[in-house]
Amino acid sequence: MRAHLDKILALSGVAIREMYRRKDFYVVLILTVILTLALGSMNFFNEPGITGYVKEICLLLIWVFLLIIAITASARQIPSEIESATIFPLLAKPVTRSEVLLGKALGCWLATGIALVVFYTIFAILTASREHTLPVGLLIQTVLAHWTMLAIVISMTFLGSVIFAAPSSNTTICLTVIIGIMLLGRHLHKIALGLSEPTRTIVEIIYFSIPHVEIFDLRDLLIHNYPAAPWDKFGILLVYGFFYSVIFLILGCLAFNRKRLR
Amino acid sequence: MKPQRTAIYAAVALFILSFGLACHLDAWREALGQFPKRSEGVLSAFLGESQGILAALLFIKADVYFHRGFYPSIFERTAGSGTSHMVSESHSSHEEHAHTGNDEHGHSHEGEQHCPKDFENKPLDWIDSLSRSFYPSVHIHADQTPQGVKELLPWLKLSAAFDPHRVETYTVAAFWLRSYLGKVDEAEEFLRDGLRANPGNPEILFELGRIYRENRKDNVRARNILELALANWRARSRNEKEPDTFLLQQILAHLAYIERDEKNYAKAIEYFTELKKYSPNPQGVEKQIEELRQHLEKK
């Protein structure tokens, strides 16, 4: 077990280094800071202390950019190894295919976690400088929920990367599915109730089987200055996210083990 | 060398010709009057008709902030929930309610007033139940604190920037600015921006009249502005099948109160008599007229 874990951690370190050598993260970070500062400097009716719109736009940028970074980075990990044939010397070493996939997925998740901390630190500084308060509990919940949501997204993208032929198609499909769930996931059951059979049952099956990534979005609580969510329910949310991530990773490992590399 | 020079001369000549032709066609197009004579700015040039949609979305965003994020989706909207409470709050005036007993929808105030955003709120399943801890699921309004009201302003200002012809944006923003934040000058300035974009608009004139009457206590200017609003409302309503009689009621009520305050009882009775025709509570208005008649007799 320890040996497996060491191999996975070593592979994840490679994935993290690879991700931070790319310029994507720095570009979106600078873009987010510039846009937020520009918006924050706007004057509305000579009224100081308006923070809601700054928080809203900053969080929207963080969500959009991190979703894109997580999906695009995860989608290219396995296909690029196969395309450049570096997967063969890698598999010639004493590592299994599952360890390769798990290591790379862990690397992507840790790298997005580091990015997440950087982004939310900037957000916290901006908010605290304008509001003179910082809801620490809720901020921690928002970061953890966002990171758990990204774990689902990354594991889903890794599953897609061993099923779909090209990273571009995988990226498009994953982005569409995630955005679709974010927008409609919460309402699918309500929609189902207004439908006739058998469509109703089909929509209900979809509703109960998809990973509800929209629940992990705690932005509205942060924007409208609500207190932190109950920690017991928050724990259930993290377990829910962990459960779906594990399912996607198991399916990904199974598919990768059966995949013909040439 | 020579053919090259000829080609350059030809290119320059063609450029001058095409530039001249473009200027001529532009002048011809303007003379036809088929197109707007001047552009309304960069936003208008780039966004076209989508400006209106964006402005509407930003206006809804302000209403979302008014409800502190608790807002029904299109799947939860019921009849009547399309009305913005942020707007209906801004339309109401305590004085008219007290005297004529009617609110913005022409209904009497009986019991608790319900927000149009009230909607069926029982969790359907365990996912729905769990998720409610992670987004605003309690119905409260931002007007309970001045900070809450402040948060509406950026969205309203942006909405006006995208669609300067959306009159509601100016009147709603002006109401919140003067009533809750005490920013009378900013409210007046914003309304005047609205008037520049919508010359003579009776809604904006009415709101401006309210500022002069309620905040600046300048009944003379308030009367002038409200009389102009009344005249413009009448001119506009001639071409409308269903004129906005609620606005008319509000203008008439304010004019009647100004005349009453200035002790022009006969004129006040005249306005109240007209108001009685449209008011859903004619008995309340009649009571006002009787009181004024008594004042007139004493005079």
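Predicted model: local features only at pLDDT ≥ 70, side-chain atom pairs only at ≥ 80, totals over all residues.
Trainee: How do you know that the length of helix H5 of chain A agrees with its number of residues?

Mentor: Helix H5 of chain A covers residues 97-131, and because each of its 35 residues is counted at 1.5 Å, the helix should span 51 Å, which agrees with the 50 Å between its end C-alpha atoms.

Trainee: How do you know what helix H3 of chain B should span?

Mentor: Helix H3 of chain B runs over residues 50-66, so at 1.5 Å a residue its 17 residues should span 24 Å, and the 25 Å between its end C-alpha atoms agrees with that. Just after H3(B), B:Arg68 has a positive phi of about 50°.

Trainee: What makes B:Leu58 and B:Phe59 in H3(B) count as buried?

Mentor: A residue is called buried if 20 or more other C-beta atoms lie within 10 Å of its own, and B:Leu58 and B:Phe59 are buried, as are other residues of H3(B), including B:Gln51, B:Lys61 and B:Asp63.

Trainee: Which domains does the assignment give for chain B, and which elements of domain 1 touch domain 2?

Mentor: The assignment gives domain 1 as 45-75 + 83-90 + 137-199 and domain 2 as 200-299, with their C-alpha centres 26 Å apart. Their contact takes 14 residues from domain 1 and 9 residues from domain 2. On the side of domain 1 that touches domain 2, helix H9 (167-179) and helix H10 (184-197) of chain B each give two or more residues, and the residues of that side divide into 9 nonpolar, 3 polar and 2 charged.

Methods
Residues numbered from 1 in each chain as written. Chains lettered and ligands numbered in written order. Helix = DSSP H or I, 4+ residues; strand = E, 2+ residues; numbered from the N terminus. Expected span 1.5 Å × (residues − 1). Buried ≥ 20, exposed ≤ 12 C-beta atoms within 10 Å, placed from the backbone. Domains from an automatic or database assignment. Contact = placed C-beta atoms within 7 Å. Nonpolar A, V, L, I, M, F, W, Y, C, P; charged D, E, K, R; others polar.
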